[in-house]
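Here is a briefing on packing and charge pairing in one protein model. Take the sequence and structure first, then the notes by topic.

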Amino acid sequence: MSAARPPVNKWLVTVSVTFGTLMGAIDASIVNVALPQIRGAVGATVQEITWITTGFAIATVIVMPLTAFLGRLFGQKRVYMASLFVFVAGSALCGMASSLGQVVAFRAIQGLGAGALQPTEQAILRQTFPPREQGMAMALFAMAVMVGPAVGPTLGGYIVDDFHWSWIFFINLPVGALGLFMVWRFVHEPEDIRAANAAAAAEQRRNMDWLGIALLAVGLAMLQYFLEEGQRDDWFESRIITAAAAVAAVALALFVWRELVAKVPAVNLRLFRDTVFTSGTVIGAVMFAILMASMFLLPLFMQELLGFTAMQSGLALMPRVLVMMLVTPVVGRLYSRVSPRLLVAIGVVLVSLGSFDVSRITLASTSSGIVHAILIQGVGFSFLFVPLTTAALSNIPRERLADATGLNSLLRQVGASMGLAVFATILDRSGVTARAAVASHLTPDRPEVQERLAQLGAFFAQKGFDPVSAREAALRALDGIVRKQSMVIAFEHVLFVTGVLFLCVLPLLFFLKVNRHGPGEKVHAEMEP
């Protein structure tokens with residue numbers, strides 16, 4: 001007879017499974033800082049180097065919804081450990097890569113490993129913590145998922161400035177090794193989950209849904225490519241982007257049909273019958289769209305217009321990370337005492353107010369002037385993530401948690417990609433519109449324009465320019481001023497729009513009616529394939 005298994009220590013389990021999730025979240029953004037150095041090392045063009053991030057993103061989204069499918073076949077713990085090993089191995093290979101093709105291929109391997117880490121950790125924590133502590137479990141998960149993308153650029157900037165770019169990958173090796181050991185030592189699957197997975201695996205092997213998996217892989221790969229590369233190729237002006245969108249739409253539509261008629265579907269889409277799961281997941285996707293857009297826009301503004309370095313912009317945004325780390329555990333404790341709808345409503349309002357506040361930035365803004373707005377946003381995101389991830393899964397049976405967390409993570413990832421794509425496009429179009437509007441007022445017959453040109457011309461004349469050259473330099477300088485001011489207007493417009501759009505999710509809170517006593521039999525039956 002085997003020895004009795006020691007009691008599960010929920011805190012050791014939490015620390016063990018957080019290593020991988022945190023590394024995966026950081027790696028999604030840390031590489032962006034090092035792209036210029038990597039481009040120089042492998043001799044790639046600006047267009048080619050984007051495949052380093054695109055390949056990682058495509059591989060990640062393909063694996064996420066298949067996490068439960070893999071967990072039933074091999075066990076959740078084995079899937080997590082295998083995924084973490086693949087991620088660490090991909091990191092080592094990326095650090096040793098010497099060509100663009102190698103970096104892109106090894107980043108895709110990283111993505112395949114990272115894709116299963118978030119949903120598996122989320123399911124393990126939900127299964128480990130008792131019902132009354134589910135909010136705290138998701139608070140701990142939230143800190144890894146939200147802090148990772150925020151810390152990534154700052155950490156990447158430090159590594160790139162003081163070390164070789166390969167260390168943004170090599171740093172994962174010791175951390176990953178420690179994570180693997182801790183998962184092997186402290187994480188054990190609950191007996192009821194093991195039994196349920198064993199029974200489901202036998203049925204799944206007899207009815208493998210190869211068609212559904214193929215349609216999912218093609219559809220998500222094309223969708224992610226469309227979102228990642230669309231802005232660079234001017235969207236539907238490009239035949240390749242148009243074809244990717246068409247293939248994604250057809251493949252995903254066929255995938256939905258296949259999963260609804262398959263005897264044992266690879267992905268359980270019937271989970272969306274639960275309005276709480278659907279509303280919580282959709283609001284979470286919108287939240288990540290705003291969060292990723294904000295994390296993209298503010299550093300871009302500070303670096304492009306205020307002259308900050310990547311390291312400086314990362315440090316300027318660090319207060320938001322710190323306040324999220326402080327507030328998230330508090331919200332986790334509040335979850336069992338306060339209505340999730342109230343917590344989410346507070347979060348939505350705070351994030352919108354922060355967006356409205358930060359939309360007033362100007363070329364005279366300093367990092368301290370931006371801190372107030374991003375602190376409000378940080379508190380708002382903390383109020384959103386914990387109740388959303390906890391409430392969305394409140395009706396899901398334990399043995400279906402892996403299916404639900406895979407879909408929940410997938411929609412968050414797709415939402416983040418959509419947010420970046422949509423707001424980058426709005427920023428570009430707003431910049432063009434604003435420049436035309438500003439330039440329309442700069443007619444040569446206006447006294448203000450003549451005075452400004454005279455001042456600029458005099459400045460360049462003092463620098464030794466002849467009259468003709470000074471005039472040309474003055475015109476170029478004025479054009480630069482117009483370009484900068486138009487971009488400020490564009491940033492203000494986009495940031496204001498993010499606040500308005502986020503308020504539009506408030507009606508969805510009507511469907512966020514949480515069952516605090518666990519899923520009932522009716523819900524369980526509706527979710528069965």
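**Salt bridges and cores**

R72 and D403 form a salt bridge, with 3.0 Å between the closest N and O atoms. A salt bridge here is a side-chain nitrogen of Lys or Arg within 4 Å of a carboxyl oxygen of Asp or Glu. R72 sits in helix α4 (residues 67–74) and D403 in helix α19, so the pair ties together parts that are 331 residues apart in sequence. Helices are DSSP runs of H or I with at least four residues, strands are E runs of at least two, and numbering starts at the N terminus.

The model is predicted: local features need pLDDT of at least 70, side-chain atom pairs count only at pLDDT 80 or more, and totals for chains, interfaces and linings use all residues. Residues are numbered from 1 along each chain as its sequence is written, and side-chain values use heavy atoms, with hydrogens and water left out.

**Charge pairs**

- Side chains of opposite charge can pair when their charged atoms come close.
- The count of salt bridges comes to six.
- R72 and D403 are both buried, where buried means under 20% relative accessible area, exposed over 50%, and partly exposed in between (1.4 Å probe, protein chains only).
- D403 also meets R400 in a salt bridge, at 3.9 Å from N to O.
- R400 is buried, as is D403.
- Shared partners join R72, R400 and D403 into one network of salt bridges.
- R206 pairs with E203 in another salt bridge, the closest N and O atoms being 2.5 Å apart.
- Both R206 and E203 lie in helix α11 (residues 191–206), three residues apart, or about one turn of the helix.
- R206 is exposed, with a relative accessible area of 60%.
- E203 counts as partly exposed, at 24% relative accessibility.

**Nonpolar cores**

- A nonpolar core is a set of buried Ala, Val, Leu, Ile, Met, Phe, Trp, Tyr and Cys residues joined through side-chain atoms within 4.5 Å.
- The largest nonpolar core has 74 residues, and those with the most contacts inside it are M287, F288, L298, F381, L384 and F385.
- Helix α14 (residues 275–304) gives this core its largest share, twelve residues.
- Another core, of 39 residues, lies apart from it and includes F69, A123, L220 and L407.
- F385 touches M138, F141, A142, V145, M146, M287, F288 and R412, leaving out residues up to four places away in sequence; contact means heavy atoms within 4.5 Å.

**L407**

- L407 lies in helix α19 (residues 401–439).
- L407 counts as buried, at 4% relative accessibility.
- Beyond residues up to four places away in sequence, L407 touches V267, N268, L269, L271, F272, F277 and T281.
- The C-alpha atoms of L407 and S359 are separated by 33 Å, with the two residues 48 apart along the chain.

**T389**

- T389 lies in helix α18 (residues 367–392).
- T389 counts as buried, at 4% relative accessibility.
- Which backbone oxygen lies 2.8 Å from a polar atom of the T389 side chain? That of F385 does.
- Leaving aside neighbours within four places in sequence, T389 is in contact with Q122, R126, M138, N408 and R412.

Note on methods
A polar contact is a pair of N or O atoms within 3.5 Å; within protein, one must be able to donate a hydrogen and the other to accept it, and residues adjacent in sequence count only if both atoms are side-chain atoms.
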